[in-house]
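Grab a pencil and open the structure viewer. Below are a few exercises, each with a solution worked out step by step.

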Amino acid sequence: MASGSGVNTVRPADLSGADAGAVSRLVEAYLMQTEREKAEHLGGIFDDAALPGRYREEVDAPELAYRSAAVYLAELDDLPVGIVVVQQSAEAREIKRFWVEPSARGHRVGSALMDAAMKQRDLPIRLTVWDWRDDAIRMYAKRGFAPVPSWEDRPRLLCMEAVL
C-alpha cells in the first residue's frame, strides 16, 4: 500500500456499480478472519477454502444482501481499505460488519468509518463483538458503547449499545 497521510474518503458505497467488487472483497476478508478466530476461540475447524453458506450472499451479491443497509466504504490513497455496514430497524441502528484491512490500520480509517456509522443519532446504535476482540471493545467503549443485556444466543458474543 502507498504510504499516504490518511483517509482520503469515507463515502456511501455504490453497490450497484463500481464499488460492489471492493465491498465483496472487504466483507469476505472480514468474514474469513471471523471464522478463523471462531475456530481458534470456540473450537472447530477453519476451512480457508470456503465460507459457510449463510455468508455467500454478502460476498457474491452485496447489492442484494445489503439492499436495506447503509454501507460505507473507506479509501486510503484511493484504494478501498475499509467498510462498515449499518442495518436499521424501528428501534435501533446496528453495526453489522466493520472491517479495516490490516495494512491500513493505524491511519484512522476505523475512526472515520465509525464517524460515518454513528452520524445519525436519532436511534440507539448497537453492535455485537466477540469477547476476545479486546482492541475493538476498547475502541467501542471510547465511542460511548457499553455492554447491554444480550439479544444473541451465541456464547461469547458481547452486545453493546451507544445511547443517544
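**Exercise 1.** Find the residue in β5 that is the bridge partner of E94.

*Solution.* Keep in mind that you're working with a predicted model. Start at E94 and look across to β5: the bridge partner there is R126. Next, widen the view to the two strands, β4 and β5, which pair in the parallel sense over 3 bridges. Finally, trace how the chain gets from β4 to β5: it passes through helix α4 (residues 109-117), and this β-α-β crossover is right-handed.

**Exercise 2.** Work out in which sense β5 pairs with strand β7 (residues 157-162), and over how many bridges.

*Solution.* Here the sense is antiparallel, and the bridges number 6. For a landmark, pick T128, which stands opposite C159 in β7. Now check how covered strand β5 (residues 125-130) is: 5 of its 6 residues are buried.

**Exercise 3.** Classify the ring pair Y30 and W99 as stacked, tilted or edge-to-face.

*Solution.* By the pairing rule, the model has 4 aromatic pairs. Take the distance for this one: the ring centres of Y30 and W99 are 6.3 Å apart, and the cut-off for a pair is within 6.5 Å. Then take the angle: the planes of Y30 and W99 sit at 70°, so the pair is edge-to-face, given that planes over 60 degrees apart count that way. Now place the two partners in the chain: Y30 belongs to helix α1 (residues 20-42) and W99 to strand β4 (residues 93-100), 69 residues apart, so this pair links distant parts of the chain.

Are they buried or exposed? Buried means under 20% relative accessible area. Y30 comes in at 12% and W99 at 9%, so Y30 is buried and W99 is buried too.

**Exercise 4.** Name the rings that the charged ends of R105 and R126 sit over.

*Solution.* Begin with R105: its charged end is over the ring of W99, 4.9 Å from the ring centre. Move on to R126, whose charged end sits over the ring of W151, 4.1 Å from the centre.

Definitions and conventions. Residues are numbered from 1 along each chain as its sequence is written. This is a predicted model: local features need pLDDT of at least 70, side-chain atom pairs count only at pLDDT 80 or more; totals for chains, interfaces and linings use all residues. Side-chain values use heavy atoms; hydrogens and water are left out. Rings of Phe, Tyr and Trp (its six-membered ring) pair if their centres lie within 6.5 Å; planes under 30 degrees apart count as stacked, over 60 as edge-to-face and the rest as tilted. Helices (H or I, at least four residues) and strands (E, at least two) are DSSP runs, numbered from the N terminus. Buried means under 20% relative accessible area, exposed over 50%, partly exposed in between (1.4 Å probe, protein chains only). A charge sits over a ring if NZ of Lys or CZ of Arg is within 6 Å of the ring centre and within 35 degrees of the ring normal. Two strands pair if DSSP finds at least two bridges between them. A crossover is right-handed if, with the strands pointing away from the viewer, the path from the first strand over the helix to the second runs clockwise.
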